[in-house]
Amino acid sequence: MPVYGFYVGYDLFEWLLFFLFQWVSGLSVTGGYHRLWAHRSYEAHAAVRLCYAIWGAASVQNSVFYWASDHRRHHRYVDHNDLDPYSVQRGFWYAHIGWILRDYNPNSGDFSNIKDLQRDPILQWQHKHYLALVLVTNLGLPLLIGYLHGKLWGTFLLAGLLRLVVNHHLTFLINSLAHYWGRRPYSEANSSRDNSLLALFTFGEGYHNYHHHFQYDYRNGNEWWHFDPTKWLIKSMTWLRLTNKLQKASRYQIEKAKIDRQFRRALFVLEHQPHQENVRHLLQHQYQRFIATLTEWGKLKQDGYEDKRRALRKTVQSLDWRLRRVELHHRLKVHRKQWHMLLNELIAHAGKSLPPA
Ligand SMILES: [Zn+2]
Ligand SMILES: [Zn+2]
């Protein structure tokens with residue numbers, strides 16, 4: 001490939017085609033294989049599903065049946081050496097690509113956990129013609145476009161071969177690096193990490209600690225500014241009525257998970273320090289007040305949504321409701337400030353004895 005590049009060179013069209021193929025096949029894995037089929041985080045029109053099925057196959061990561069079945073096992077038995085198909089506990093290299101290069105996975109092909117997917121005729125068709133789809137999208141199409149473009153091999157090498165290798169490694173980074181390097185703001189229960197740098201290269205799948213905690217959420221980056229093109233694609237397709245029933249965690253659930261995690265971590269720090277009974281009481285007290293206000297705020301928001309659904313907009317927008325919302329916002333702000341001040345003090349005091357995030 002570099003030899004061809006040196007002697008013949010690649011033109012702009014070939015590079016554009018490389019990126020186009022990369023994005024279409026990459027998004028079909030993240031939006032289709034992963035978030036639609038493995039997690040059922042939304043519903044999609046048959047045209048979208050067909051597109052995902054064809055272009056997902058282009059990524060050569062097996063049929064949806066195999067992929068989703070393995071992935072559901074990954075979530076269910078995460079970090080378990082024998083049951084998690086790509087457990088990072090068996091080493092970085094194993095989680096990255098070792099698991100697919102060698103036949104380590106005795107449960108692969110056990111489709112008992114994807115009975116819902118087996119009913120979809122599009123997925124049955126994809127499973128049956130998987131090899132043909134791989135050949136058409138990776139060989140046939142790049143060669144055909146290359147022939148029409150007048151540079152058969154250049155187009156094939158970039159859009160077919162290089163794109164495939166790059167896509168493979170980027171997807172595998174989720175199984176390895178996203179369980180290795182990054183923060184754990186939501187849960188320490190497993191090795192998954194949030195890593196915004198990784199999100200840039202993986203169509204938004206880098207927010208993996210969030211994803212393991214709220215796996216039914218169609219987003220992986222829950223903030224609007226989190227780089228998550230898969231989420232933007234799914235959301236924008238709702239405007240064309242191509243996707244619907246998008247599942248997501250509420251702001252209350254997200255905030256609560258974060259505070260709980262900070263609270264447990266602070267308790268852990270305190271456990272390793274003598275004579276901290278007063279601080280522990282203060283921490284517990286602040287935590288309970290913070291959570292109480294948050295719960296009240298969550299409920300007010302929920303009431304607001306339900307009233308809106310019942311088209312009682314006037315009641316919702318009533319002065320009383322708005323005043324309560326403003327007051328709760330203010331209280332939350334105060335609690336948050338106090339909470340972080342307390343945590344910062346604790347962390348500064350604990351110094352080196354702090355456990356890793
Ligand atoms: Zn997942
Ligand atoms: Zn994972």
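Val-64 is in contact with Tyr-33, Trp-37, Ala-53, Gly-56, Leu-117, Leu-123 and Gln-126, leaving aside its neighbours within four places in sequence. Two residues are in contact if their C-beta atoms, placed from the backbone, lie within 7 Å. This is a predicted model, where local features need pLDDT of at least 70, side-chain atom pairs count only at pLDDT 80 or more, and totals for chains, interfaces and linings use all residues. Residues are numbered from 1 along each chain as its sequence is written, while chains are lettered from A and ligands numbered from 1 in the order in which they are written.

Val-64 also belongs to the largest nonpolar core, which has 24 residues. A nonpolar core is a set of buried Ala, Val, Leu, Ile, Met, Phe, Trp, Tyr and Cys residues joined through C-beta atoms within 7 Å. Buried means that 20 or more other C-beta atoms lie within 10 Å of a residue's own, again placed from the backbone. Helices H2, H3 and H4 each give two or more residues to this core. H3 gives the largest share, 6 residues.

Now to helix H8. Helices here are DSSP runs (H or I, at least four residues), numbered from the N terminus.

| Feature of H8 | Value |
|---|---|
| Length | 20 residues (130–149) |
| Reach, first C-alpha to last | 27 Å |
| Bend at Val-136 | about 40 degrees |

The bend is the angle between axes fitted to the seven residues ending there and the seven starting there. Buried residues of H8 are Leu-133, Thr-137, Asn-138, Pro-142 and Gly-146. Their cover includes helices H3, H7 and H9. Just after H8, Gly-150 takes a positive phi of about 95 degrees.

Definitions and conventions:
The expected span of a helix is 1.5 Å times one less than its number of residues. A residue is buried if 20 or more other C-beta atoms lie within 10 Å of its own, exposed if 12 or fewer, and partly exposed in between; C-beta atoms are placed from the backbone.
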